[in-house]
Amino acid sequence: MTRLSRSFVILYVVFAVMLAFGLQPAPLQAQGTGTQVVEGIRYGLNAGKTRIVIDLNRKTDFRAFTLADPPRLVIDLPQAEWKIPRSRPVTAGDVIKSYRSGDLDGNLTRIVFDLRKTAVIAGAFVLEKSGTARDRVVIDLSPASENLFRAALERVYGNKTLGGAALSSAPAPVTAPAANSLAAARNEAVARAVPAPETLAPEVPVRKPVTPPPAGRAAERKYVIVLDPGHGGADPGAVADNGMHEKVITLAVARELRRQLEETGRYRVVMTRDRDVQIRLRDRLDMARKERADLFISIHADKIQRRDVRGASIYTLSRTASDAETARLAERENTAGVVAGVDLGSESQEIAGILLDLAMREKMNESSLLARFLEDAFRRKSVRLLPNSHRSAGFAVLKAPDVPSVLIETGFLSNPAEVKLLTSAEFQRRISSAVVDGVDAYFRKIRALQKI
């Protein structure tokens, strides 16, 4: 008998014994079964971003989001088998520390990438196989400040309802499984239930101790400032070429500005939004009036066709826009009681309009005064300004009749250098510090005028 014949006889005997004992031969991994297989995970740099490429044996669905404390990237896939280790340290680049994976209820496989530093998802997409390249899930990460990272926690990329359940009830992240032990990974996932990104409470850095007010100021009330991070929710605002949304930047800047204003001990700060939700423009104004705000500051970022333009600007309400708004307010609220310190309840529409116009002119003058102090502070803090940086427009959020209001365009998302600046923690601190200086100067002036 030849050696080849003996090999066939041995295989036949082994197969017969397995059938006699009711055993089935193990299937070959992902061959002819349609099972999804993770065939590799690769890393690289792409236009300053860290790119993660997950190679798969077939096209797939996915979802991706970030988690905090510590910072992590999470990618969910339909349940998959692995040709590579299910957990491994990562030595490439300075953003990703390691990855680990486990299987979740709902026939899902979760991959958790532990991050060395805070970062945001700048892009997430699927590439179909082409030539020798496999089907791939691609995630781009951009380093980001702590505030920017936390502002983006609620963003979910891909299919939010992957596995048949919305992410609001997402399964828990898993820890690294014991060697080849999926049971350990499942048990750990059940034991460590963590809320989905939408339910994680946003946090800000620990504040410094507040310096007690000087003697004689203990009874002085705190000024109320309403901060309005532009856009939110389904309204992303301007979108940079790298995928960064205006709504994320405005929320990060507003959080840093709130932190610095409250540190002074002189201000009570109210946010129109402190998470990624959409709020109507009129509701933002109503919030300022309800809070009896002393100032309303709306924060935005701009985008235009010219990529070379950069710099901040400060807008107040234009005279033309305020005339139309005055008429509308007088018609709507001439029986609504006190508006802008004017009792309209017993006045005719014509007289109410005149009184309201005078009151709004006063608020517009105060808004322009604030804009002037902000310009001076921006220059002292080396925050680049556009030429003629104090501008007037009919922005809806500037039309609160009771509250001096400004809209700050922090920069241009159409300028790549400015996008990098706007997403940096250092610039967010610097522009916030400039706004605090401008606000301080404004209230010093208001108090001086009130004594005349």
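A residue is called buried when its relative accessible area is under 20%, and in this predicted model both Tyr223 and Tyr267 are buried. These two tyrosines belong to a cluster of linked ring pairs that also takes in Tyr442 and Phe443. The points below look at the nonpolar cores and then at the aromatic rings.

**Nonpolar cores**

- The largest nonpolar core has 52 residues, and within this core Ile225, Ile297, Phe378 and Val439 touch the most other members.
- Helix H9, which spans residues 425–451, supplies the largest share of this core, namely ten residues.
- Once its neighbours within four places in sequence are set aside, Val439 is in contact with Ile225, Tyr267, Leu295, Ile297, Leu370 and Leu374.
- Another core lies apart from the largest one and has 26 residues, including Ile52, Leu77, Ile84 and Phe113.

**Aromatic pairs**

- The count of aromatic pairs comes to six.
- The ring centres of Tyr223 and Tyr267 are 6.3 Å apart and their planes stand at 35 degrees, so this pair is tilted.
- This pair links distant parts of the chain, since Tyr223 is in strand E12 (residues 223–229) and Tyr267 is in strand E13 (residues 267–271), 44 residues apart.
- Tyr267 also forms a tilted pair with Phe443, with 5.9 Å from centre to centre and 40 degrees between the planes.
- Here too distant parts of the chain are linked, with Tyr267 in strand E13 and Phe443 in helix H9, 176 residues apart.
- Both Tyr267 and Phe443 are buried.

**A charge over a ring**

- The charged end of Arg372 sits over the ring of Phe373, at 5.1 Å from the centre of that ring.

Notes:
Residues numbered from 1 in each chain as written. Predicted model: local features only at pLDDT ≥ 70, side-chain atom pairs only at ≥ 80, totals over all residues. Heavy atoms only, no water. Core = buried A, V, L, I, M, F, W, Y, C linked by side-chain atoms within 4.5 Å. Buried < 20%, exposed > 50% of the residue type's maximum accessible area, 1.4 Å probe, protein only. Helix = DSSP H or I, 4+ residues; strand = E, 2+ residues; numbered from the N terminus. Contact = heavy atoms within 4.5 Å. Phe/Tyr/Trp six-rings, centres within 6.5 Å; stacked < 30°, edge-to-face > 60°. Lys NZ or Arg CZ within 6 Å of the ring centre and 35° of its normal.
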